[in-house]
Amino acid sequence: MSHSANNQNIPRHVAVIMDGNGRWAKKRLMPRVMGHKRGLDTLEEMCRICSNAGVEYLTVFAFSTENWRRPEDEVSFLMGLFLTALEKKVAKMHANGLRVKVIGDRSHFSPAIQQGIVAAEELTKNNPGLTLTVAADYGGKWDIVQAANALIAEGKTQITESDLSTKLMLAEAPEPDLFIRTGGETRISNFMLWQMAYAEFYFTDVLWPDFNETEIYRAFESFTQRERRFGRTSEQLPIEQQRP
């Protein structure tokens, strides 16, 4: 199914919590891990769709700091999947001109995964296309704390908002315009707390492996209907941004 959309109405930066993989598999009487495998294919497809639509940044929550508490066999499968993706999927993304970045605390990952992350970022860093950022062992509170600590280490005793913004993960990207969470939950779950201060939120019951082109365009359509005031009144907005 192909869609055309006014590029002006397409968000520059989309952030996604890819929820519902395990439930998708369970509904099909498959092990939870098969849902994660299918979810990775969905992510690859989403990169293609967003790229074609004119989205510049896609940031996805792959593995939160809290996810380490999941059953051990599921965690180890996810780590294996991460490694496979870094080895196989990244080459394909590179061929399509995408940039790949990983944000989060890398210290808990195996040396193989850490090396894979560095290699993926290095390989794709000069690509002109969509930037896919994968948040892995990431938490929004952790992000703010590590930024503050970096400033303290530089000798700062007073910290401004702009100081902090420069040390956060994703400092070089615009803040997300649209936040999507699949799978029916309506929480932000400690994802980019600072960066999403003015993002538009879109929640859907669709499970991540079923999230397709039709669904993402529904999210874009919803985004287009919003009037983004950033604290101002409707009347203060430029005419073209005011809702009819």
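Reader: Which hand does the crossing of helix 3 and helix 4 have?
Author: This is a predicted model, where local features need pLDDT of at least 70, side-chain atom pairs count only at pLDDT 80 or more, and totals for chains, interfaces and linings use all residues. Residues are numbered from 1 along each chain as its sequence is written, and side-chain values use heavy atoms, with hydrogens and water left out. A crossing is left-handed if the near helix is turned anticlockwise from the far one by less than a right angle, and right-handed if clockwise. The passage of helix 3 across helix 4 is left-handed.

Reader: Which residues of helix 4 make the contact with helix 3?
Author: Contact means heavy atoms within 4.5 Å. Helix 3 brings M79, F82, L83, L86, V90 and H94. Helix 4 answers with A112, I113, G116, I117, A120, L123 and T124.

Reader: How many charged residues does that contact of helix 3 with helix 4 have?
Author: Ala, Val, Leu, Ile, Met, Phe, Trp, Tyr, Cys and Pro count as nonpolar, Asp, Glu, Lys and Arg as charged, and the others, Gly among them, as polar. Ten residues of the contact are nonpolar and three are polar. The charged count is none.

Reader: What is the angle between helix 2 and helix 3, and how is their arrangement classed?
Author: Axes are lines fitted to C-alpha atoms, for helices over the stretch in contact, and angles run from 0 to 180 degrees between N-to-C directions. Helix 2 (residues 32-53) and helix 3 (residues 72-95) have axes 11 Å apart, at an angle of about 25°. Angles under 35 degrees count as roughly parallel, over 145 as roughly antiparallel, 65 to 115 as roughly perpendicular and the rest as oblique. So helix 2 and helix 3 are roughly parallel.

Reader: Is T59 buried or exposed?
Author: T59 sits in strand 2 (residues 57-64). Buried means under 20% relative accessible area, exposed over 50%, partly exposed in between (1.4 Å probe, protein chains only). T59 has 0% relative accessibility, so T59 is buried.

Reader: Which side chain makes a polar contact with the side chain of T59?
Author: A polar contact is a pair of N or O atoms within 3.5 Å; within protein, one must be able to donate a hydrogen and the other to accept it, and residues adjacent in sequence count only if both atoms are side-chain atoms. The T59 side chain has such a contact at 2.8 Å. The partner is H13.

Note on methods: Helix = DSSP H or I, 4+ residues; strand = E, 2+ residues; numbered from the N terminus.
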